[in-house]
Amino acid sequence: MSARLAPLLGLLLAALPLAGQRTHEVRLRHPAPEEFRFAPARLVVGGSDVIEFTVEAGGPYVVGFEPGDLSPAEQARLQELLPAGSGALRGPVLPGPGASFRVRLPGLPPGTYRFVSVTHAAYRMQGELTVR
């Protein structure tokens, strides 16, 4: 194989889903004044799955994971899985409807990961991800 094609092949293979991999959508909702929530707010997923956070209404949103119950190794691995340029254990700014980002979970240790909308913390917009 040509040395110029090897990096392209690597990128294509990385984009392919793993066997048994599922994508779980978490919608960010604003159904009423002063009401913000994740739907679903609780997920149980496999270790090779993908979580996609998508704004349905309202915004802007910033999804962040709570470090409190996580070991330093779990925090470090989760940070690696979040989009580059995001803050500590945070996703990117999602400005409004249709905006989204994905978190690929391979390599994330089994356990419970709590997440919140950093921009809507006063409204107790929170969720929980359990990786089997």
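1. Burial and surface. In this predicted model, buried residues account for 36% of the 132 residues in the protein chain.

2. Fold content. The protein chain contains two helices and eight strands. Read from the N terminus, the order of elements is α-β-β-β-β-β-α-β-β-β. Among contacts with a separation of 6 or more, 70% are between residues 24 or more positions apart.

3. The four-stranded sheet. Four strands form an open sheet in the order S3-S8-S7-S5, and the pairing is mixed. Strand S3 (42-45) and strand S5 (63-65) are the edge strands, each pairing on one side only. From one strand to the next, the twist averages 25 degrees.

4. The S3/S8 pair. Strand S8 covers residues 126-131 and pairs with S3 in the parallel sense, over four bridges. Within this part of the model, Leu43 stands opposite Leu129 in S8.

5. Glu128. This residue lies in strand S8. Is Glu128 buried or exposed? Its relative accessibility is 19%, and the cut-off for buried is under 20%, so Glu128 counts as buried. The side chain of Glu128 makes a polar contact of 2.5 Å with the side chain of Arg114. Leaving aside residues up to four places away in sequence, Glu128 touches Ala41, Arg42, Leu43, Thr112, Tyr113, Arg114 and Phe115. Of the elements involved, S3 spans 42-45 and strand S7 spans 111-117.

6. Most peptide bonds are trans. Pro60 belongs to the loop between strand S4 (50-55) and S5.

7. Leu89. Most residues other than glycine have a negative phi. Leu89, which is not a glycine, has a positive phi near 55 degrees. Where is Leu89 placed? It is in the loop between helix H2 (72-81) and strand S6 (100-104). Leu89 has a relative accessible area of 7% and is therefore buried.

8. Arg124. Phi is also positive at Arg124, about 55 degrees, although Arg124 is not a glycine. The residue is found in the loop between strand S7 (111-117) and S8. Is Arg124 buried or exposed? Its relative accessible area is 64%, so Arg124 is exposed.

9. Points to check in the viewer. For side chains, the place to look is the 2.5 Å polar contact between Glu128 and Arg114.

Conventions: Residues numbered from 1 in each chain as written. Predicted model: local features only at pLDDT ≥ 70, side-chain atom pairs only at ≥ 80, totals over all residues. Heavy atoms only, no water. Buried < 20%, exposed > 50% of the residue type's maximum accessible area, 1.4 Å probe, protein only. Contact = heavy atoms within 4.5 Å. Pairing = 2+ DSSP bridges. Axes fitted to C-alpha atoms, helices over the stretch in contact; angles between N-to-C directions. Polar contact = N/O pair within 3.5 Å; in protein donor to acceptor, adjacent residues only side chain to side chain.
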